[in-house]
Amino acid sequence: MRPVLKRLPLTARVALVAAGLMVLLGIVASQQVLRTLGLVQTERIRELATTHVEALSVALGPLVLRNDVWEVYDTLERAASASSKGRIAFTAVSDASGQVLAASDPFRAPTGSPFDALAQEAQALAGLNFSGSQATIRLTAPLVFQGRRVGRIATELNVADLVAERARVARLLVLWNALVTGGLALVGFFAMRRMMAPVTLLAEKMSVSAEAPEPITDRELLSMESEFGRLARTYNTMANAVREKAEAERRLAERERFVSLGRLSSSLAHEINNPLGGLLNATDTIQTYADNPEVVRKSTELLERGLRHLRDVVRVTLEQNRIDRAGSPAGPDDFEDLQLLIGPEIRRRAQKLVWEIEVDQVTLARFPSAQLRQILLNLLLNACSAAGQGGEVSLRATEEETGLRLRVVDSGPGLDDAARQRLLSSDPVPPGGGVGLRLVHDLVHDMNGKIEVQRTSSANAIELVLPYAKEVDN
Amino acid sequence: MRRFSRRSLLGFLGAAVCARPGYSLGSDQFKLGITPVFLDNDANLLDTLGTALSEASGFTVEFEQRRTYEEVTGLLLQGAVDAAWLCGFPFLQHQDAFSLLAVPVWHGQPLYQSYLIVGASDTATTLDDLKGAAHAFSDPDSNSGYLMTVTDLVRAGETPTDFFSRSIFTYGHRNVVRAVAAGLVRSGSVDGYVWEVLATEEPDLTRRTKVIAKSEWVGFPPFCARKERMSEPRIRAFQKALLTLVEQRTGKQALDLLQLDGMALGEPDLYAGIAARMRELEALR
């Protein structure tokens, strides 16, 4: 019962509780009415019986004194036939010696038979109680005439109509209470549902999207009053704040895509600038020795190599941020590009790069190129930055049964708490520190991958396991 | 209740009338004494009979109703009533003072019987079977409702007190039938004419009883007046009214209600059978 009740909606529960209370009230009220009815009926019966006995005492007194059997019978019989609704079912009168003098039904109580048999199970008039469901009430009372007791009267009153009336009242009460209670419970149910409608609406709005709750519209707000109105406005404020925050995070993540490139810009500028001096020298040489074909040829070759290098650098840079790359599969080219991108940074810091790619083209094709590049570029740039001048950075990519394992190791001091939190947890974080790590976390998370951070005395390792995506299998 | 009220009223009227002294000579009223021994429960019957007798006699005939024959006989003896419908037994008791005005004719004869009745399911078939039973008489001055049964007992060497465990007087033949039917008593002595009339008027009542013995035919309860007043014109006029009742329309209606054929002049010899029983009883005392 309890769990069932708990599973019911609040509106139904409140209505049920209200209906239950109404039923309880109805029962109590009905009991009261029936009790009062019983008292009224008892009083009525007592009055009737008293009148009956008193009238018989007056009429029968002298007849009993004379032992006039016939007149006693005649009086009883006429009294019985004159009583309304056949109320007096039976009456017997005894003389002073305790023998029946006459009864309204002589077959039942013959003249001369002992009166005590009739008086048994009979109530005394004084203490009359009428609560049972019997159709008759037996009463006994002394027959007093001229101040002395001349005999006794035993009478049976037919109260079937009163019992039936009580039963009818009880039935009507039950029916009426059931109707009223049912009706009020129904009204209560709808009233409760109406009153609880804002809560229901709020619950619906909140469950639309766990990430960004939908605010309550102004039109819906109009129907809410008092506490619910305040509640709804507070909810809207909170919902808007959540949406703004989500929007800010989205924009932040968007920006992070470019952060890695920003960090590369100076080394990329050097990468472009350094060959430019050589290339300009080559053009001077060509202009100066225009008539020397050998010099021109060598200078032109030099020029071509330089320009090709520049072209590669520009291409890789463009590739890194091309939006239409999204969805295209990864390949060995991506690792070569990454090496090219990270190369200037490594050289600038005079670091040692260990590059171990033990994954074949087919396996790589099961992963999206853009995400893989973003993840690895960010991790490698962080590794370079952490390893410092003359440090060591390594990337190792291996195939596993479950997926692709990527391990980036640097000789730096390891991630601080803020950076570690950005990388490993989904909780909101304050901006700043560990640049790009949240982007790595989000991308890995989207690919259902796992991130682990390992720290040894001399090295710091970040290991990713990216499971094979099913759709790529096809 | 209706009957009770009416009887009370009549009793009250009777008492008021009784309080006035002497005869009502010269008055337009003619008082006729009757008892509830007879069919007293039919107001329509009494009204019709009163009207018929008034129309025929030219007086306003009023009924003086009393509970017992003794009381009515007393009224007639005192002269508080002009005439009375008595039983043969009280007539004979006061034969020196009363004269017969008319005797009702039933089934062609001025005769009737006494019936001994018991409950419909009773096994008794004779009076002897009723020894030790409770018995109902109608009136100690009734022929059919007392004298006949008592003399039968006397002939058998019994007395009512010893023979019956209890005997009660109901002062009404119809009451005897009621007492037997209700089981208040086992047996009763009742006017055969009354029982037969009840059998057609209230068959539900008589059906609960059965007749186990009938007496010889004896003189029907007569209308009587004081002997010395028989020559008075008003008495003669009333007698004529009785005798010619059958010739009038209302009179015929009343007789039909009473289930009587008419009225006839009666001689005291008609009551010889009752007189014989009276003598038997007298001898015992």
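How many helices and strands does chain B have? Counting along this predicted model, you will find 12 helices and 13 strands in chain B. Of its 285 residues, 48% count as buried. Among the contacts in chain B with a separation of 6 or more, 81% join residues 24 or more positions apart.

Let us start with the sheet. Six strands of chain B form an open sheet in the order E2-E1-E3-E12-E4-E13, and the pairing is mixed. At its edges sit strand E2 (60-65) and strand E13 (262-264) of chain B, each of which pairs on one side only. On average, neighbouring strands of this sheet are turned by 30° against each other, direction ignored. Strands of a sheet pair through backbone hydrogen bonds, and they can do so in a parallel or an antiparallel way. For one example, take strand E4 (residues 98-105) and strand E12 (residues 223-226) of chain B, which pair in the antiparallel sense over 4 bridges. Within this pair, B:Phe98 has B:Arg226 in E12(B) as its bridge partner.

Another helix to look for is H2(B), which lies across strand E1 (29-34) and E2 of chain B and runs at about 140° to E2(B).

H2(B) also has a helical partner. Two packed helices are described by the angle between their axes and the distance between the axes. Here, helix H2 (residues 43-57) and helix H11 (residues 249-258) of chain B pack at an angle of about 145°, with their axes 8 Å apart. The crossing of H2(B) with H11(B) is left-handed. On the H2(B) side, the residues that meet H11(B) include B:Leu45, B:Leu49, B:Ala52 and B:Ala56; on the H11(B) side, B:Ala254, B:Leu257 and B:Leu258 are among them. By class, this contact has 7 nonpolar, 5 polar and 1 charged residues.

Further along chain B, B:Ala272 belongs to helix H12 (residues 272-284). Is B:Ala272 buried or partly exposed? B:Ala272 has 13 other C-beta atoms within 10 Å, so it counts as partly exposed. B:Ala272 and B:Leu92 are 180 residues apart in sequence, yet their C-alpha atoms are 9.3 Å apart in space.

How do the two chains meet? In all, 12 residues of chain B are in contact with 11 residues of chain A. Strand E8 (166-169) and helix H7 (173-182) of chain B each supply at least two residues of the side that touches chain A. That side of chain B has 8 nonpolar, 3 polar and 1 charged residues.

The largest nonpolar core has 112 residues, and A:Val72, A:Val93, B:Ala84 and B:Cys224 have the most contacts inside it. Leaving aside neighbours within four places in sequence, the contacts of A:Val72 include A:Leu60, A:Val93 and A:Leu101. A second, separate core of 37 residues includes A:Ile346, A:Ala387, A:Leu437 and A:Met447.

Finally, turn to a hairpin in chain A, formed by E9(A) and E10(A) with 4 residues between them. E9(A) pairs with strand E10 (residues 460-467) in the antiparallel sense over 6 bridges, and A:Glu452 has A:Glu463 as its bridge partner in E10(A).

Key
Residues are numbered from 1 along each chain as its sequence is written. Chains are lettered from A and ligands numbered from 1 in the order in which they are written. This is a predicted model: local features need pLDDT of at least 70, side-chain atom pairs count only at pLDDT 80 or more; totals for chains, interfaces and linings use all residues. Two strands pair if DSSP finds at least two bridges between them. Two residues are in contact if their C-beta atoms, placed from the backbone, lie within 7 Å. Ala, Val, Leu, Ile, Met, Phe, Trp, Tyr, Cys and Pro count as nonpolar, Asp, Glu, Lys and Arg as charged, and the others, Gly among them, as polar. A residue is buried if 20 or more other C-beta atoms lie within 10 Å of its own, exposed if 12 or fewer, and partly exposed in between; C-beta atoms are placed from the backbone. Axes are lines fitted to C-alpha atoms, for helices over the stretch in contact, and angles run from 0 to 180 degrees between N-to-C directions. A crossing is left-handed if the near helix is turned anticlockwise from the far one by less than a right angle, and right-handed if clockwise. A nonpolar core is a set of buried Ala, Val, Leu, Ile, Met, Phe, Trp, Tyr and Cys residues joined through C-beta atoms within 7 Å.
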